[in-house]
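Look at the model below and follow its pocket first, then the charged side chains around it.

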Amino acid sequence: VQLQASGGGLVQAGGSLRLSCAASRRTVGNNVMGWFRQAPGKEREFVASISWNGGRTDYADSVKGRFTISRDNAKNTVNLQLSSLKPEDTALYYCAGDIHNIGRSATADYWGQGTLVTVSS
């Protein structure tokens, strides 16, 4: 499975961005899709995930209430709406597939290339 992320860019604090991830096909595992991010000098961290049918979503505490994850299974896409962005949201955002666990213990079987989000103050 190949994951192609897009939508990153430069935005001012308080602004919004929409990230998209297109999968070449449905994953063969649990089909939990989502996003991680890695800021300069920091470890990669879990951001958000969504179950195969969209019935469950999970978010990192740092983005709850500001980011919204969604998916369109007919198109094999996963989106992340970023709102009320802060400079500390600046990072390389990675699309991920077949995510296991959430939070610090989250891992994934499939990874896309990162898309850079830069938030200026």
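The largest pocket holds about 430 Å³ of space. A pocket is an open set of points on a 1 Å grid over the protein atoms alone, where a 1.4 Å probe fits, with protein on both sides within 12 Å along at least five of seven lines; lining residues have an atom within 4 Å of a point. The volume is the space filled by probe spheres set on the points, which are joined across faces, edges and corners. Of the 19 lining residues, R37, E43, R44, E45 and F46 are the closest to the centre of this pocket.

This is a predicted model, in which local features need pLDDT of at least 70, side-chain atom pairs count only at pLDDT 80 or more, and totals for chains, interfaces and linings use all residues. Residues are numbered from 1 along each chain as its sequence is written, and side-chain values use heavy atoms, with hydrogens and water left out.

Now to the charged pairs. Side chains of opposite charge can pair when their charged atoms come close. The structure has 5 salt bridges, each a side-chain nitrogen of Lys or Arg within 4 Å of a carboxyl oxygen of Asp or Glu. One of them joins R37 and E45, at 2.7 Å from N to O. R37 is buried at 5% relative accessibility, while E45 is partly exposed at 35%; buried means under 20% relative accessible area, exposed over 50%, and partly exposed in between (1.4 Å probe, protein chains only).

R37 also meets D89 in a salt bridge, at 2.9 Å from N to O. D89 is buried, with a relative accessible area of 1%. Through shared partners, salt bridges join R37, E45, R66 and D89 into one network.
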